Amino acid sequence: REKKVSRWSKSALTHNFIRVYSYVFERCRTCDAYIYLGGYRCEKCNLYSHSKCLKTVVILCGQKPLSRRKTQVFGVPLTSFKEEVPFIVAKCCGEIEVRGFKIRGIYRVNGVVSRVKRLMKSLENGPFLIDFSEANPNDLSQVLKEFFRALPQPIITSDLYAPFINVAKKYRYSSSEPLTQSTCITQEECIAELKEIVNRLPAQHKSTLSFLMHHLRFITDHQEQNEMSAKNLGIVFAPTLFRMKDVDGNCFGMLFDNALQTLIIELLIKHCFEIFGPPP
Ligand SMILES: [Zn+2]
Ligand SMILES: [Zn+2]
């Protein structure tokens, strides 16, 4: 019996599970599939789980009935969150700063799709009771990227896409062709312009972007171990943070501006303190 318990996740052990032998028309809160026959139910919070899912439960027992309604976390506007920085962003970044920052290729290496989906379902099922301390950091990095990818309005709002790209153009040309002075800007001017554009973002977009850039800056502080420079992180994050969609929802502008988008993210990471101030 002890052997069985040791295979449960730490979060699973916080519940008062009883075996259910009857037919149940309830969803497993980890994988979101119906249980139908058997499974486990917590006497305190009423969380249901397949027995096979007990090893990956990440929702802690809240000691009171868990809301039956799911919280929409993915695909809702950034402005719909009550927090300055959405809890999911803080949660994933926080865990990566504890256990994931030394992993080679963190954020570049994708998570395992099936596990990533479970984490996303768990976030919707018990948003404020999540314990990610046993989750795989690569999976968490993927959850974070999925969150930004699913935003209806990208964190870098469409109206500021062109201003950002223009700064990158002026700055890139100044570093590669120093003689064409009329269209060039120095690094200081570039940072000042980026700061000005960032200040035009909606409040929650700005605070979340600031939080993320400070987090990525922390990741680059350990690039000797994780091999993720600001440029590498720029390559990973640019397509997720910059998204241009036309009226039909098709993405455009990504193909041609790729290098410029990457440069912007690289600069936002490297100069996060000057551009955003201290982390929110
Ligand atoms: Zn399950
Ligand atoms: Zn419970």
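Me: How many bridges join strand β4 to β5?
Reply: In this predicted model, two bridges link strand β4, residues 40-42, to β5, and the two strands run antiparallel.

Me: Which residue stands opposite Y48 in β5?
Reply: Opposite Y48 stands R41.

Me: What is the order of the strands in the sheet?
Reply: The order is β1-β4-β5. These three strands form an open sheet with antiparallel pairing.

Me: Which strands stand at the edges?
Reply: The edges are taken by β1 (17-19) and β5 (48-49). Each has a single partner strand, so one side of each is left without a neighbour in the sheet.

Me: Through what do strands of a sheet pair?
Reply: In general, they pair through backbone hydrogen bonds.

Me: Changing topic, what coordinates the zinc ion (ligand 1)?
Reply: The zinc ion (ligand 1) is coordinated by the SG atoms of C28, C31 and C53 and by ND1 of H50, at 2.1 to 2.4 Å.

Me: What spacing do those donors follow along the chain?
Reply: The donors of the zinc ion (ligand 1) follow C-x2-C-x18-H-x2-C.

Me: And what is the geometry of the site?
Reply: The site is tetrahedral, with angles of 97 to 117° among the four donor atoms.

Me: Is C28 buried or exposed?
Reply: C28 counts as buried, because its relative accessibility is 0%.

Me: What about C31?
Reply: C31 is partly exposed, with a relative accessible area of 22%. The cut-off for buried is under 20%.

Me: Where does C61 fall, buried or exposed?
Reply: C61 counts as buried, at 12% relative accessibility.

Me: Last one: how many disulfides does the structure hold?
Reply: The structure holds zero disulfides.

Conventions:
Residues numbered from 1 in each chain as written. Chains lettered and ligands numbered in written order. Predicted model: local features only at pLDDT ≥ 70, side-chain atom pairs only at ≥ 80, totals over all residues. Heavy atoms only, no water. Donors = N, O, S within 2.8 Å, 3.2 Å for Na, K, Ca; no water. Tetrahedral: all angles 85-135°; square planar, octahedral: opposite > 155°, others 65-115°. Buried < 20%, exposed > 50% of the residue type's maximum accessible area, 1.4 Å probe, protein only. Pairing = 2+ DSSP bridges. Helix = DSSP H or I, 4+ residues; strand = E, 2+ residues; numbered from the N terminus. Disulfide = S-S within 2.5 Å.
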